[in-house]
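Work through the exercises below with the sequence and the model at hand. Each task is followed by a stepwise solution.

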Amino acid sequence: MSTEERDRQQRGVYAEEDIPAGELARMAEVARELADDVRALVQATVLTDVADDRIARARELIGQATEILGEEHHERSFGTRFNSDGTHRSWGNALTGIRNPIAPPLRFECFPDKVTVDVDLGGAYEGPAGLVHGGIIAAVFDQALGHATESAKVPGMTGTLSIRYRQGTRLGKIHVEAWVDRVEGVKAFAKGELSTDDGLCAEAEGVFIMPKWARGEIQEKVLGRVGD
Ligand SMILES: CCCCCCCC(=O)SCCNC(=O)CCNC(=O)[C@H](O)C(C)(C)COP(=O)(O)OP(=O)(O)OC[C@H]1O[C@@H](n2cnc3c(N)ncnc32)[C@H](O)[C@@H]1OP(=O)(O)O
């Protein structure tokens with residue numbers, strides 16, 4: 001596929017889909033509840049200790065649920081959808097998406113100088129025994145630093161992300177802060193810290209770049225948007 005074709009396809013996943021606010025709130029509630037149920041299922045799958053016949057029964061029920069959910073579905077991904085009132089939704093996002101049970105999910109608080117997020121990472125996010133997987137920590141930082149750049153109105157895609165793991169992060173509650181350190185043209189340099197009751201566990205630095213294909217119309221939309 002040529003670069004032009006790939007860029008065109010990429011612009012296409014940013015879609016207009018105007019839905020009245022009340023209906024949107026209802027859809028969000030349904031999506032959240034379903035993702036919460038599946039998240040609980042994932043946790044139960046990791047931790048279960050039941051006998052094989054109970055697992056067989058659970059699989060039957062999961063199969064039925066998968067069949068029902070597959071009766072109608074989006075083609076490849078949910079993408080980002082915009083309402084005419086400027087709100088948007090990225091409900092499939094792997095870290096924040098309200099439809100996505102893989103997402104912890106992260107819910108950011110935005111302040112003038114930083115964004116913060118508190119989340120409980122359970123057994124489904126384990127790497128070394130009892131500790132959060134380093135790749136999950138990287139993913140959380142990626143989203144947090146990206147969110148900081150968006151909140152500071154200099155959004156971009158991750159160009160480079162480096163992480164210093166200072167000590168193991170025990171499974172459980174984590175606190176992350178991220179902020180924009182400086183901006184140079186289309187590049188925003190962001191930093192972040194992750195801590196737990198044990199203190200500082202990891203630090204991150206990243207460069208976020210508004211790609212050529214998104215400069216202009218999509219950049220304006222992203223800058224003006226509100227939502228999850
Ligand atoms: C709320 C939302 C939060 C979202 C957080 C989640 C973020 C993500 O997960 S994004 C997914 C992971 N990242 C990607 O897939 C990005 C893939 N890479 C790309 O799309 C592009 O290569 C991209 C965007 C990094 C650069 O875009 P491109 O249009 O090629 O930039 P280009 O115009 O060539 O370069 C611009 C500047 O950036 C620099 N640059 C380019 N690539 C990189 C890089 N990887 N790292 C550092 N600097 C870079 C260039 O040197 C240039 O610098 P200068 O202006 O000083 O000459």
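**Exercise 1.** Which strands form a hairpin with two residues between them, and which residue in the turn has a positive phi?

Solution. Step 1: the hairpin is made by E7 and E8, with Gly 185 in its turn at a phi of about 60°. Strands (E, at least two residues) and helices (H or I, at least four) are DSSP runs, numbered from the N terminus. This is a predicted model: local features need pLDDT of at least 70, side-chain atom pairs count only at pLDDT 80 or more, and totals for chains, interfaces and linings use all residues. Residues are numbered from 1 along each chain as its sequence is written.

Step 2: E7 (residues 172-184) and E8 (residues 187-196) are antiparallel, with nine bridges; pairing requires that DSSP finds at least two bridges between two strands. Ala 178 faces Gly 192 of E8 across this pair.

**Exercise 2.** How many bridges join E8 to E9?

Solution. Step 1: the antiparallel strands E8 and E9 share 10 bridges. Step 2: two residues link E8 to E9 in a hairpin, and Phe 189 is opposite Val 207 in E9.

**Exercise 3.** Which element gives the largest share of the shell around the ligand?

Solution. Step 1: among the 16 residues around the ligand, the nearest are Gly 146, Gly 159, Thr 160, Pro 211 and Lys 212; a residue is near if its C-beta atom, placed from the backbone, lies within 6 Å of the molecule. Step 2: two or more residues each come from helix H4 (134-151), strand E6 (157-165) and strand E9 (199-209). Step 3: H4 supplies the largest share, five residues.
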